[in-house]
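Here is a short briefing for a first look. Keep the sequence and the 3D view open as you read.

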Amino acid sequence: MDMVSDFKQWMAAIQQRTESALAARLPAPATAPQRLHEAMRYAVLGGGKRVRPLLVHATGELVGASPERLDRAACAVELIHVYSLVHDDMPCMDDDVLRRGKPTVHVEYDQATALLVGDALQALAFQVLAEAPLCGSAAEQLDMVALLARAAGSRGMAGGQAIDLAAVGQQLDRSELEFMHIHKTGALIRAAVMLGAHAGEPLAVADLERLDHFGKLIGLLFQVVDDILDSEADTATLGKTAGKDAEHDKPTYVSLLGLTEARRYAEELLAAARGTLAPMGSGSAHLLALADYIARRSF
Ligand code: GRG
């Protein structure tokens, strides 16, 4: 089988097992409080590319972690991601009505339910990470819990979101934009790589640092590509000015650098990410393929 078909098959298999692992860990819809549990399942199941779980598994494979343990780390990071999407979509933030092709949680249910769905998903993420052995020692598992907490908190994703909200209508320079995205989108992507890295055999510090740097680069890459895709979609469908988030007038890589330079920057980040993993050998094939997928995705 060629490498592209192998990767596609691997990706579909991980997406499927992530769906089952999430479905098994979410509270059953018929149990009380029924409306909250239904809404949690509505938010999490049946959608999304599952990029973060794919990263957990690809990194975990590289370090010989068991797939069942990786499922738990993958669920934890995806639950945090979905919580952030549910809250981000609310009227007090981005005020979006569609997510993953269906009405957002506050539209389908109501705002209070959406708030609680986010809260409960965040708590469930840490429960899943903490409630059974996940790696070599309890101390290392605590490190994983702390790692995810830092990535989600005010010095990670939530902090990045705060910077983003404060930037509406403002001019950000390139380093400020970078700082915001390294936190808002990048921190969780980086944490996904590092959770996978901690779930297997202990790694040499140099290899851990390599993976951490790789995670940082692809986190940024993810956002640069997201800005490029948004800009292309806006220009194609609505005839808006390329690169402007017309709804909120937020700065993006495209508005700051222009489309050509933003594309060039994405290629530069991809090459740097690939280069970082070069010393890690053939075990990193899926991780490299995921970096390519993040760079070349069309949605
Ligand atoms: C509310 C604390 C809090 C944080 C929100 C990540 C985030 C912070 C908001 C999401 C806003 C957004 C659309 C950012 C652009 C990049 C991004 C994270 C896109 C969505 O992630 P994908 O493409 O989504 O992985 P799927 O649906 O495939 O999981």
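Asp95 sits in the loop between H4 and strand E1 (98-99). This is a predicted model.

- Asp95 is not a glycine, yet its phi is positive, at about 55°.
- Asp95 counts as partly exposed because it has 13 C-beta neighbours inside 10 Å. A residue is exposed at 12 or fewer and buried at 20 or more.
- Arg100 lies in the loop between E1 and strand E2 (102-103).
- Arg100 also has a positive phi, near 50°, and is a residue other than glycine.
- Arg100 has 12 other C-beta atoms within 10 Å, so it is exposed.
- The peptide bond from Ala32 to Pro33 is cis, and its omega is near -5°.
- Pro33 belongs to the loop between helix H1 (3-25) and helix H2 (34-44).
- Why do such places deserve a look? Most residues other than glycine have a negative phi, and most peptide bonds are trans.

**Overall fold**

- The protein chain contains 14 helices and two strands.
- Its C-alpha atoms fill a box of roughly 50 × 50 × 40 Å along the principal axes.
- The radius of gyration of the protein chain is 19 Å, which agrees with the value near 19 Å for a compact globule of 299 residues.
- Of the 299 residues in the protein chain, 43% are buried.
- Take the contacts between residues at least 6 apart in sequence: 70% of them join residues at least 24 apart.

**Around the ligand**

- The ligand is surrounded by 16 residues. The closest are Gly48, Lys49, Ser84, His87 and Gln161.
- Helix H4 (67-88), helix H8 (157-166) and helix H11 (205-237) are the elements that each give two or more residues to this shell.
- H4 gives the most, with five residues.
- By class, the shell has four nonpolar, seven polar and five charged residues.

**Confidence**

- The protein chain averages a pLDDT of 93, and 96% of the residues score at least 70.
- For the complex, the predictor gives an ipTM of 0.94 and a pTM of 0.95.
- Where pLDDT is low, the predicted coordinates should not be read in detail.

Definitions and conventions. Residues are numbered from 1 along each chain as its sequence is written. This is a predicted model: local features need pLDDT of at least 70, side-chain atom pairs count only at pLDDT 80 or more; totals for chains, interfaces and linings use all residues. pLDDT is the predictor's confidence in each residue, from 0 to 100. A residue is near a molecule or strand if its C-beta atom, placed from the backbone, lies within 6 Å of it. Helices (H or I, at least four residues) and strands (E, at least two) are DSSP runs, numbered from the N terminus. Ala, Val, Leu, Ile, Met, Phe, Trp, Tyr, Cys and Pro count as nonpolar, Asp, Glu, Lys and Arg as charged, and the others, Gly among them, as polar. The radius of gyration is taken over C-alpha atoms; the globule rule is 2.2 Å times the number of residues to the power 0.38. Two residues are in contact if their C-beta atoms, placed from the backbone, lie within 7 Å.
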